[in-house]
Amino acid sequence: RWGARGPPCARTRSARRRSAPARSGAAPRRGAPCTWPASVTLDANLPCASARECDAGRVLTVQVNDPVSGFTKYYSYRSVPCVRLALIDGGVVTRRGSGRQCADVRAAAAVPACCTKGGARRTFATDFGAECVFANEQLPFALAERRCAALNLTVCTDLRQTPTWNTSCAESAYAWTGVPCQVQLQVYPSGRVGLVDALGAARLLQLNSNNFFRVRWAAPAGAPLASDGTCPGACDVQPTLEGDSCLCNVTVTDALAFADATALRNVDADAVAARAPIGAVAPDVYDGGAYAPCTADACAALVDANGVEVWLHTPSGDTAERFSASTLFALPPYRAGGRRRHVLNRVSTVSVGDGHAFRNPPAFMPLLGFAQQSARKWDSPALFTQYAEHETDALLEHLAEHNSTAPFVCYRLVQNMVTSNPSPRYMR
């Protein structure tokens, strides 16, 4: 979905760096000029025009050319709502001048910074962003490594310069360094937790930030709380206004919710949702052939009895029916008239201290590696508005479908229209 609210950055430094044109159905018929609607929702994935376009990183703005009228306009790209996990098991440092932060290598959180191999240079080894496909492009770390390797260079590990338009994809952007880093967890006396990035670029990720949230601690150990000035395991005591907290290292491990089709026997939709709590997008969002329905007897029985569809990831046309962390479950609507829910066959667990653990919480808002320190138009916090909207939509949907919502509304209606102290017999 693309909304025409004005591009965050429509600047291009050369024709080869322009945003990829959108070959969408904006024109009502062949030969007629584009109608330029406020938003365009694509009903299918657009094929890449070239291998270079397929290799693009994070896309923010799309250029649309109308060959009939000769007009060119820009649309802001609106991604499909998708969650990310709050904690990571190790990351890579991104740097902008003296500012540093720890980022998830899988996130498009920084621009590439290519230096000469051997670490002899501490400055950029390219001019005019040869490692970039378009202006203001940010990449996952693995893609940044490939871009540098294609130029016979390597990702800078001791970068001393701040990226500019002439040396990378964007001015004053954070760049990948290849230096490993680790995020810690601060456990407050209430059992709530906050993420701590010791590099200190983001205020929300500093010690005693009070930017905490609840997690589901596994029984029976519960949360590692400070007692008598000490913390369990290898955690360190950190004083706060609420009392002593514990600063701990974390380990994130992933496992399959269901190892194979036989594990689905005697399982219903609620059991699948309970064991596979990470949301996913529908399989038809991916390119054709990326997913195929499971044809095993247990999968067919699950569809017939509970309406749960199992979709297997089939990369490169692989026809073997293997369960993986990319396997998807399409669950029936929670309420009549609702939408189908999709979850991953994946469980992510965060281990803290000695024997303490909780489920890695998902969120729509990017956090680790996305600190903002400038108000530049191409690096504006407004770029994250769509993620806040996704988070709000998910909350409203959760509240609307919650088991307590209907009785609560009915109680208030009876209280205001019938009697001020309704008995439980009014609701069922």
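Modeller: Gln138 is buried, with a relative accessible area of 7%. Buried means under 20% relative accessible area, exposed means over 50%, and partly exposed lies in between (1.4 Å probe, protein chains only). This is a predicted model: local features need pLDDT of at least 70, side-chain atom pairs count only at pLDDT 80 or more, and totals for chains, interfaces and linings use all residues. Residues are numbered from 1 along each chain as its sequence is written, and side-chain values use heavy atoms, with hydrogens and water left out.

Gln138 sits in the loop between β8 (114-115) and α2 (141-150). Helices (H or I, at least four residues) and strands (E, at least two) are DSSP runs, numbered from the N terminus. Leaving out residues up to four places away in sequence, Gln138 touches Gly57, Arg58, Ala108, Ala109, Ala110 and Val111. Contact means heavy atoms within 4.5 Å.

Now turn to helix α4 (residues 297-306). Its Ala298, Cys299 and Leu302 are buried. They cover an arc of only 105° around the axis, so they lie on the same side of α4. The arc is that of the directions from the helix axis to the C-beta atoms. Asp297 and Asp304 are exposed on the other side of α4. The buried residues of α4 pack against β16. After α4 comes Gly307, with a positive phi near 70°.

Strand β16 (residues 309-313) runs antiparallel to β17 (residues 328-331), and three bridges join the two. Two strands pair if DSSP finds at least two bridges between them. Glu309 stands opposite Ala330 in β17. Four strands form an open, antiparallel sheet in the order β15-β16-β17-β18.
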